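Me: I am new to this structure and would like to learn how to read it feature by feature. Could you take me through it slowly, giving the general idea before each case?

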Amino acid sequence: MAQTQKSIRWWPLFVILSLAILGIIVIWIVEAGHRQDKVFWITMVVILTTFLGVLWLLCFSRLRWRIKFIALAIVALCVFLSTSLFQFKGFSGDLIPIFEWRWQENPTTFRQDSGGTSTTEMSAMDYPQFLGQHRNGVVSGIKLNLDWDTHPPKLVWRQPIGAGWSGFAVVDNSAITQEQEGDWEKVVCYELYTGAIKWSHQDRARYNAPPAGLGPRATPTISENRVYTVGSTGILNCLNFETGEQLWTTNIFEENKAKPPPWGVSISPLVFGELVIVSAGGAVAYHRETGEIVWTGYRTQSGYSSPLVTTLLGTEQIVLFNQGLITAHEPLTGELLWKQPWVETYAECVAQPVPISDDTLLASTGYGAGAKLYQFSRNPTGEFDVSIVWETINLKAKFTNIIYYKDYLFGLDDGIFACINPSDGTRQWKRGRYGHGQTLLISDVLLVTTESGDVVLVEPNPERHVEHARFAALTGKTWNTPALAGRYLLVRNDREAACYELPVINTK
């Protein structure tokens, strides 16, 4: 008598899928410190579900072995086709894997006449360092036309570029950035109006690690006839602005016997008088002409933030957001004025601290850390005392920087644009999923470069989110800070760079 085939046992598969769907829903709707945790746990659920599904197929389904082998062959074929058709291109700011078609073409070079604008006009609109002239993401002296339907941005040039997360520094007709080419880390000077290379300098250095990616991270600093750069492994260069000739160089971490941050060095040098200030196990000041160390500040683990000069309680000081510690130093001697511990988590300190008033300073990081507003006073001995006015989870600046404008804070809270009232840390609104991009204030409008490469104009309105205009400037993951020199907007990512002429109402 023939053996009767048992019916297929579907219920274990239904249980597995139901629990997986329920788990994903719970993970996504439950309030968590940051989106990266949600992405991680959802990925774990998918992997576990796949494993249990295969286990059900082979051991508990009661399917014929012929059908099991066919199912496994289909799965193997799907994996083979996926790896053949797509290539892994790193992670987004939320640690979501990015895949692209393998046959996707490299960016095409586009060039368009710039209209013959003279360098004299641009010289008053230089963008000489990270986040602009005052290292605060604010550009003044120019007013943008917000009607991009009638007056759209004009492409000046667009072309491939070496890998890296550096931004542009611009003086006159020179736009300087850092990029990777093979085993060489390069400082490259482009003509602003054409995109042609004027000169380049290279060092044998290479940093590449997922999910941080390949190449240098820090934006160059231009001061008078010199260019100062810090590479991804800590090489500090002083170059001639006109020719790119190397005038002096050192590795700031090797020289100071310090440990570099694990995801690559992204410290843009600060020029203050005769000093070039960086972070290498704490603040270090070099003489801008000779490269000799002038002073060494309080020793601690370097983060990813760049030195900032500001004035608190009438005292000019260099503020540095280290890993787990904020320090302030007297600019000429390096004397420690005050220090304040930061959240002891794996939250990387990237965003610049934001001075709010003569006695308050804001700091923020991603990964669930949030923001704190510090207030400063002097004790009877004249030393600084620091207290916390408020702290909130509603402003988590990961790679981006926060803008303070007309008594309100604007920035990307874990990839979503938000407005915060600095008087008490309450959120006015949160809207606009721009990803982990960057933000500048152009006189009276916020210019946001999204993680996907769009450029968006947002009104700095504390009442509601208002998006005025948008256009696709680049393709692919864009973490680099933009630069605006006059009416010329420079944007780049790890594969291409572009220059656009923005419509303006008037310039000064």
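Reply: Helices (H or I, at least four residues) and strands (E, at least two) are DSSP runs, numbered from the N terminus, and by that rule Ile25 belongs to helix α1 (residues 11-29). Please keep in mind that this is a predicted model, in which local features need pLDDT of at least 70 and side-chain atom pairs count only at pLDDT 80 or more, while totals for chains, interfaces and linings use all residues. Residues are numbered from 1 along each chain as its sequence is written, and side-chain values use heavy atoms, with hydrogens and water left out.

Me: Is Ile25 buried or exposed, or something in between?

Reply: Buried means under 20% relative accessible area, exposed over 50%, and partly exposed in between (1.4 Å probe, protein chains only). Ile25 has a relative accessible area of 44%, and therefore counts as partly exposed.

Me: Which residues form a nonpolar patch on the surface?

Reply: Patches are made of residues with over 30% relative accessible area and no salt bridge, where like charges are joined within 9 Å and nonpolar side chains (Val, Leu, Ile, Met, Phe, Trp, Tyr) within 5 Å. The accessible areas come from the Shrake-Rupley method with a 1.4 Å probe, and for residues only the protein chains shown count as cover. Here the patch consists of Trp11, Val15, Leu19, Ile21, Leu22, Ile25, Val26, Trp28, Ile29 and Val30, which together have about 1000 Å² of accessible area.

Me: What does Val227 touch, if residues up to four places away in sequence are not counted?

Reply: Contact means heavy atoms within 4.5 Å. With that rule, Val227 touches Ile176, Trp199, Pro220, Thr221, Ile222, Asn237, Cys238, Leu239 and Phe241, leaving out residues up to four places away in sequence. Val227 sits in strand β14 (residues 226-230) and is buried, because its relative accessible area is 0%. As for Leu239, it is 12 residues from Val227 in sequence, and the two C-alpha atoms are 5.0 Å apart in space.

Me: How many salt bridges are there?

Reply: A salt bridge is a side-chain nitrogen of Lys or Arg within 4 Å of a carboxyl oxygen of Asp or Glu, and the count by this rule comes to 10. One of them pairs Glu496 with Arg158, whose closest N and O atoms are 2.8 Å apart. Glu496 lies in strand β39 (residues 496-501) and Arg158 in strand β6 (residues 154-160), so this pair ties together parts that are 338 residues apart in sequence. Both Glu496 and Arg158 are buried.

Me: Where do Arg487 and Glu501 lie?

Reply: The side chains of Arg487 and Glu501 meet in a salt bridge at 3.5 Å, N to O. Arg487 is in the loop between β37 (483-485) and β38 (488-492), whereas Glu501 is in strand β39, so the pair ties together parts that are 14 residues apart in sequence. Arg487 counts as partly exposed because its relative accessibility is 22%, while Glu501, with a relative accessible area of 15%, is buried. Salt bridges that share partners also join Lys396, Asp413 and Lys430 into one network.

Me: Which way do the side chains of β26 point?

Reply: In a regular strand the side chains alternate between the two faces of the sheet. In β26, Thr360, Leu362 and Ser364 point one way and Leu361, Ala363 and Thr365 the other way, and all are buried. Since 6 of the 6 residues of strand β26 (residues 360-365) are buried, the strand is largely enclosed by the rest of the structure.

Me: Which strands pair with β26 in the antiparallel sense?

Reply: Strands of a sheet pair through backbone hydrogen bonds, either parallel or antiparallel. Two strands pair if DSSP finds at least two bridges between them. Strand β25 (residues 354-357) pairs with β26 in the antiparallel sense over 3 bridges, with Val354 standing opposite Leu362, and a hairpin joins β25 to β26 through 2 residues. β26 is also joined to strand β27 (residues 370-378) by 6 bridges, again running antiparallel, and there Ser364 has Ala371 as its bridge partner. The hairpin of β26 and β27 has 4 residues between the strands, and Tyr367 in the turn has a positive phi of about 55 degrees.
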